[in-house]
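Biologist: I am new to this structure. Please take one part of it for a close look, then carry on from there to the rest of the chain.

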Amino acid sequence: MKHWEDTYKPTPIVAPLSGVIILRNVVVGQTVDGTVVLFAMSDKLIVLAQVDEADIGGVKLNMPARITLDAYPDQPIDGRVSQILYEGKNVSNVITYGVKILPEKVPPFFRSQMTANVNLIVESHENALLIPASAVRDSPDGKQVMVPGPDGKPTARQIQTGLESGEKVEVVSGLAEGDDVLITRSRYTPQKGPQGSPLTMGGRPAGQQQGQRSGGGGGGSGPRGN
């Protein structure tokens, strides 16, 4: 009896840091060894975002970020970049780098392994004049928009643009708040059927468009223990 009491005597488990137990991987009475993970602790939940190598050059330490959880889409959280990992990961021939986002205030609904979307804010301007991106067109002299002329007919006006967010464009000069701009909409034209087989070498079915890649923030794998 003494032998087995000494063999299986209770062993105290001392936490290496102050925090919250977010995972208990064992039960009372279970036999374990040095390779078994007993508990997982977190001193503060963070978000680990995966950023494409094409965008990682624009990520800087302390860069502001906006975190949106799929489970709570109406409650965004502000944060900042706390660390940019050096080791890249190859996922489907795309290299991504881990970027740790530290929330300014961890909300009570944060949970480990939640899915999150992260917008990294590269630059921001206060009190910017914005117009829809669809109203801006290219011209030999730069950018221009169509505005109502004195006789009511559309008239081109040159503008200088600043930041772009995909849907909105900042106007630095050329327009004032309250000015009207026209958005050109083309008339709908029914698509014609393919003249040849879509299986022909080098061709594609009518109506099929080639996808384009757009830059932006990294997608996050959700809060996890730091």
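Modeller: Let us start with Ile-13. Ile-13 is exposed, because its relative accessible area is 54% (exposed is over 50%, buried under 20%, partly exposed in between, with a 1.4 Å probe and protein chains only). This is a predicted model, where local features need pLDDT of at least 70, side-chain atom pairs count only at pLDDT 80 or more, and totals for chains, interfaces and linings use all residues. Residues are numbered from 1 along each chain as its sequence is written, and side-chain values use heavy atoms, leaving out hydrogens and water.

Where does Ile-13 lie? Its place is the loop between helix H1 (2-7) and strand S1 (20-24). Helices (H or I, at least four residues) and strands (E, at least two) are DSSP runs, numbered from the N terminus. Together with Ile-21 and Phe-39, Ile-13 makes a nonpolar surface patch of about 280 Å². A patch takes residues with over 30% relative accessible area and no salt bridge; like charges are joined within 9 Å, nonpolar side chains (Val, Leu, Ile, Met, Phe, Trp, Tyr) within 5 Å. The areas come from the Shrake-Rupley method with a 1.4 Å probe, and for residues only the protein chains shown count as cover.

Now step back to helix H1. Asp-6 and Lys-2 both sit in H1, four residues apart, about one turn of the helix. They form a salt bridge, with 3.8 Å between the closest N and O atoms. The term asks for a side-chain nitrogen of Lys or Arg within 4 Å of a carboxyl oxygen of Asp or Glu. Side chains of opposite charge can pair when their charged atoms come close. Lys-2 counts as exposed, because its relative accessibility is 58%. Asp-6, at 42%, counts as partly exposed.

The structure holds four salt bridges. Another of them joins Asp-138 and Lys-143, at 2.5 Å from N to O. Asp-138 is exposed at 60%, and Lys-143 is partly exposed at 28%. In a further one, Asp-179 meets Arg-157, with the closest N and O atoms 3.6 Å apart. That pair links distant parts of the chain, 22 residues apart: Asp-179 is in the loop between strand S12 (168-173) and strand S13 (219-225), Arg-157 in strand S11 (residues 154-164). Asp-179 is partly exposed at 36%. So is Arg-157, at 32%.

Next, the strands. Strand S4 (residues 64-69) runs antiparallel to strand S5 (residues 72-91), joined by five bridges. Two strands pair if DSSP finds at least two bridges between them. S4 and S5 make a hairpin with two residues between them. Leu-69 faces Tyr-72 of S5 across this pairing. S5 also pairs antiparallel with strand S6 (residues 94-103), over nine bridges. There Lys-89 stands opposite Thr-96 in S6. S5 and S6 form a hairpin too, with two residues between them, and Ser-92 in its turn has a positive phi of about 55 degrees.

Finally, the inside. The largest nonpolar core has 20 residues, and Ile-101, Phe-110 and Leu-120 have the most contacts inside it. Strand S3 (45-52), S4, S5, S6 and strand S7 (116-120) each supply at least two of its residues. S3 gives the most, with four. Apart from this core lies another, of eight residues, among them Val-136, Val-147, Ile-159 and Val-169. A nonpolar core is a set of buried Ala, Val, Leu, Ile, Met, Phe, Trp, Tyr and Cys residues joined through side-chain atoms within 4.5 Å.
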